[in-house]
Amino acid sequence: MVALAIFATLSVALYSAATHVARNSAGLVERSLASWLADNRLNELRVGLLAPQMGHREERIAFAGREWLLAVEVGNAPDPRLLEVDVAVAVPGRPPRGFTLLEVLIAIALFSLLGLASYQLLQRVLHSEQRIELHEQQLRSLQRALDILQRDLWQAAPRPLPDDPSRRQALIGRDDRLRLLRGGAANPLGQPRSDLLLVSHQWEDGEWWREFRNPDDGATRRQRLLQGVTLLRLGYIDAQGARHDSWPATGGALALPAAVDLVLDAPGYPELRRVILLPARASVMTEHRQRGVALLSVLLVTALVTLVVADMLARQRLSLAATARQLDQQHLWQMALSGETWARQQLRDDLANREDPPQVHLGQGWARTPQRWDLGGGQVQVRIEDLAGRFDLDHLRVGRSDLQRARYQRLLAQLDVPAHDPARLPTRPGPDGKAQGLLDASELLRLGDLAPQDFARLAPHVATLGGASLNLNTASAVQLASLEGLDPSIARTLVQARPADGWATVQDFLELPLLQGREVRAPGLAVDSRFFRIHLLAELGERRLHLASDLRLEQDGHLRVLRRQVLPSPSTTDPATWWTATGAPAQGNLEQAAEALAGHALTLLLPAEAASLHSVEVPARSGRWLRQAVRSALEERLLDDLDRLHLAQGPLQQGRQCRVIALDRAWLSACLERLSAVGLTPRRIHLDADCLPPGQPLALRCAGRWLVGGAPGLCDALDDETLAASAALLPSDLQQREDEPWALLAEGSRQAIDLRQGEFAGGDRRAMPWGTLALLL
C-alpha cells in the first residue's frame, strides 16, 4: 500500500509535468505559425497584393494544414499621413489538448499492478519525450531556415550578379531556385574582401540547400538548411502586385521583385506559405509481491521518469525561449519597416516642397531626427542621413577626376587613414557596357592597403552613389576641410555659420568672404541630393534590430529603396600597447612587447571592435543547460554560424539575464598564436570597453577612439564623429573623460568578462593584481 500510495502521488505529478510539456509544445507551434501568418498579411498589404480597408475585418484562412481566424483592424495612425494596422491570429474553437485530471485518475486506477504500471509509465513518458523532441527539432530547423532566407532577401543589393553575362540581373529566380547578391556579410578577421555575398537557395530531392560565396575570393560554401521538404511554389511579386513564376519578369535592368512568395511542405507543416519582402528507450520491470522490493521498484522507475520529465522541461524552456526570440525578431522587422515607412513619407513631403532651384538642407523636416515613438509594445527610433554629405568613391572609379582624387587624399590625411587609390580595383561593366562603380564601400578592403581599423574610421565619411556631388548643405566639417585651401578650423567655422535653410546655390557658398582667395573649385559640389540613408533602431525589451535602408529619389518623385542591411559590427585590431602599475604606457610591435614584459604575468585587452556584447535572457533554473540556453538565445540574433564564434558568458544577473561576448574563434586563436610565438601567454583576456567601471555611463578616450561602457548594453568603441552622431542613442548622463585610461581600465576589469573560457581556458586563472601587466592589442 505504501508503494501504491507513493506511486499514485508521483503519477499525478509526473503526468501533470508531461501534460505541461505536451501543451507547451503545441503552443510553440501555434505561436510560430501565427506569427508567420500575421507577417504574411502585413507583407501582402505592403507590397500591394491586398488593399487596406478601414475598420475591423475577420476571415478564416487555411494555413500549414490548419484553420485560423485572422482579424485585421485598420485605423488612422497618430501621423495623419499613415495608417495603423493591427493583425491578430487565433485558432477558432480548438478544444484543449493533453491529459485531464479525470484521465490521470483513470490511468492511476489502471496502474494498480505495480510492475506493469511502472513499465507503462516509463514507456509512455519516454515515448512522449521522443515525439515532443522530434516536433520541436523540426520547428527549430524550420524557423532557422526561414530566418536565413528572410535575411538574405531583406539585404538583397540591386547590383549585377558577378556570374551573369548580361550584367543586367540583380536576382535570377526560377520555380525551384533563386540567386542574388546581398550585403551585410560579417568580416571578423578583417580579410581583404567586401561585405557582399553571392547567395543561392535551391530545393532538390527533398532538401533545401543554400550556397554562398564572397565575390572576391570565389570559394563557395554549401549549407543544408532543411531535409524532408517539398517546394510547392516559388513565385515573385513585382512592384505592381503581379505574380510571376520566374524572375526577371520585366525588362528593367537590375530590377528586384517586391516580394518572394514561397509555399512548401515541411515535416509536420503542410502547405506552409511565407511572403518575404525585398528592398523593392524502456526496460521491463517484473512484478514482485514483497513489499520492500515493490517499493524499491516504484521508487527506481519514478526516479527515472522524474529525470526524463525534468530533462524534457529543461530542453523545452530552451525551445520556448528560442520561439519567443523568433517571434520578437519578426516583430522587430515589422517595427523597423514601420519606421522606414514614416521616414519615406517625411522625405517625400520635404522633397516635393523644395525651393527652386531645389535644395536639400538641415532645416527641412527630415533632418529633425532622430524621432522616437512607442510602437507595438516596443520603441522605434528613426534617423535620416543625406548620403550626398559623404564623399562619393565612384568619382575615383568612373570619372577618375584629378580634383576629386586630391580631395579624397586630403580626407584620408584628416582621418589618419593610409593613402590608397580605389581606381586600382578591377572594373566591372554595367548593364550599358560602361565601367561600373563600386558595389559597396567595403570593397576598399580588397586593396590590401587598409587595416580594418582604418576602414572603420573611413566608412562613415564615404559612400558609393555613382558619381554624386557633395552636398554643401549637409556635409560635415571633415568633408569641407578636404576642399581646396580649407583646413579643419575654417571648415568648422563654415559649418557653424551655415544658414538654417542652407546655401541656395554653390555660387553663394563660393562667394562667402571667408573663402575669398582660397581657390575652392565648384566641380563636384552641390546644394541638392537624391540619396538618403534611414537608420532604424527597433527595440523590444532587451532585443534590438539596427537596420539601414538606402534610398534614391527617382525622376518621377518616387523614393526607391536601393538596399537594406543589418549593420554589421566592425572587427579590428590596434597596435600593441603595454603598461604596468608603476610604468608609463609604451607602444610597439609584439617582439618589443615580449622583450619588455619577459617574466610578467599578463592580462590581455582586445579591442571592442573585434567582438560584440549581447545581453540575453535565459529560462529560469537553466542549470547545466545554461551554455546551450545562451547559444540558443544567440542563434537568431547573430548572422554568423555559431560554430565559428567563441562565446564567453558572464554570471547570471537576477537569475535570468546573462551578458555574452561573441567573437570569431579563428581570429582569437590567431591572436593567441601570435602572442605565443613571441613568448607571451595571457592569463586573462578582456575587451577594453568591457573594463570600464560599472555604474556610470562613460566615454573614455583610449587609443585614438572613445570606449563607451559602464552601463547595461554599452560596450563599444566609436570615433569622434560617430560618438557625436550617436548622442541621441546614448544615455543622457554619459560622461566623457580624456585623462589617462589605464588606471580606470584596471579598476573596471574586476567585473569584466574573461574570454578565457571553453577551449581557450588554460593557465592560472586566479584574479591577478593589475600591478603586473596589461597588454592592449
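In strand S25, alanine 586 is the bridge partner of tryptophan 578. The model is predicted: local features need pLDDT of at least 70, side-chain atom pairs count only at pLDDT 80 or more, and totals for chains, interfaces and linings use all residues. Residues are numbered from 1 along each chain as its sequence is written, and side-chain values use heavy atoms, with hydrogens and water left out. The chain has 14 helices and 35 strands; these are DSSP runs (helices: H or I, at least four residues; strands: E, at least two), numbered from the N terminus.

**Overall composition**

- Of the 777 residues in the chain, 53% are buried, where buried means under 20% relative accessible area, exposed over 50%, and partly exposed in between (1.4 Å probe, protein chains only).

**Strands S24 and S25**

- Strands S24 (residues 576-579) and S25 (residues 586-588) run antiparallel and are joined by three bridges; two strands pair if DSSP finds at least two bridges between them.
- In a regular strand the side chains alternate between the two faces of the sheet.
- Both faces of S24 are covered: Ala576 and Trp578 on one side, and Thr577 and Trp579 on the other, are all buried.

**Sheet S27-S29-S28**

- Three strands form an open sheet in the order S27-S29-S28, with antiparallel pairing.
- Strand S27 (611-617) and strand S28 (645-653) are the edge strands, each pairing on one side only.
- On average, neighbouring strands of this sheet are turned by 20 degrees against each other, direction ignored; the axes are lines fitted to C-alpha atoms, for helices over the stretch in contact, and angles run from 0 to 180 degrees between N-to-C directions.
- S28 is joined to strand S29 (residues 657-664) by seven bridges, and the two run antiparallel.
- Histidine 646 has leucine 663 in S29 as its bridge partner.

**Sheet S10-S9-S11-S12**

- A second open sheet described here has four strands in the order S10-S9-S11-S12, with antiparallel pairing.
- The edge strands are S10 and S12, each of which pairs on one side only.
- Seven bridges link strand S9 (residues 230-237) and S11 in the antiparallel sense, and tyrosine 236 stands opposite valine 260 in S11.

**Backbone geometry**

- Most residues other than glycine have a negative phi, and most peptide bonds are trans.
- Tryptophan 247 and proline 248 are joined by a cis peptide bond, with omega at about 15 degrees; proline 248 lies in the loop between strand S10 (243-244) and strand S11 (259-266).
- Glutamate 271 is not a glycine, yet has a positive phi of about 50 degrees. Glutamate 271 belongs to strand S12 (residues 269-277) and is exposed, with a relative accessible area of 54%.
- Alanine 64 also has a positive phi, near 55 degrees. Alanine 64 is in the loop between strand S1 (55-63) and strand S2 (66-76) and counts as buried at 3% relative accessibility.

**Aromatic pairs**

- The count is six aromatic pairs; rings of Phe, Tyr and Trp (its six-membered ring) pair if their centres lie within 6.5 Å, with planes under 30 degrees apart counted as stacked, over 60 as edge-to-face and the rest as tilted.
- Among them, tryptophan 366 and phenylalanine 532 form an edge-to-face pair, at 5.8 Å centre to centre and 70 degrees between the planes.
- Tryptophan 366 lies in the loop between helix H4 (291-352) and strand S13 (371-375), and phenylalanine 532 in strand S21 (residues 531-540), so the pair ties together parts that are 166 residues apart in sequence.
- Both tryptophan 366 and phenylalanine 532 are buried.

**Arginine 46**

- Arginine 46 is found in helix H1 (residues 2-47) and is partly exposed, with a relative accessible area of 34%.
- Residues up to four places away in sequence aside, arginine 46 touches Leu277, Gln334, Leu337, Ser338 and Thr341, contact meaning heavy atoms within 4.5 Å.
- Arginine 46 and alanine 258 are 212 residues apart along the chain, and their C-alpha atoms are separated by 9.3 Å.

**Cysteines**

- The structure holds zero disulfides, a disulfide being a pair of cysteine sulfur atoms within 2.5 Å.
- Cysteine 715 is in no disulfide, and the nearest cysteine sulfur, that of cysteine 691, is 8.7 Å away.
- Cysteine 715 counts as buried at 13% relative accessibility, and cysteine 658 counts as buried at 0%.
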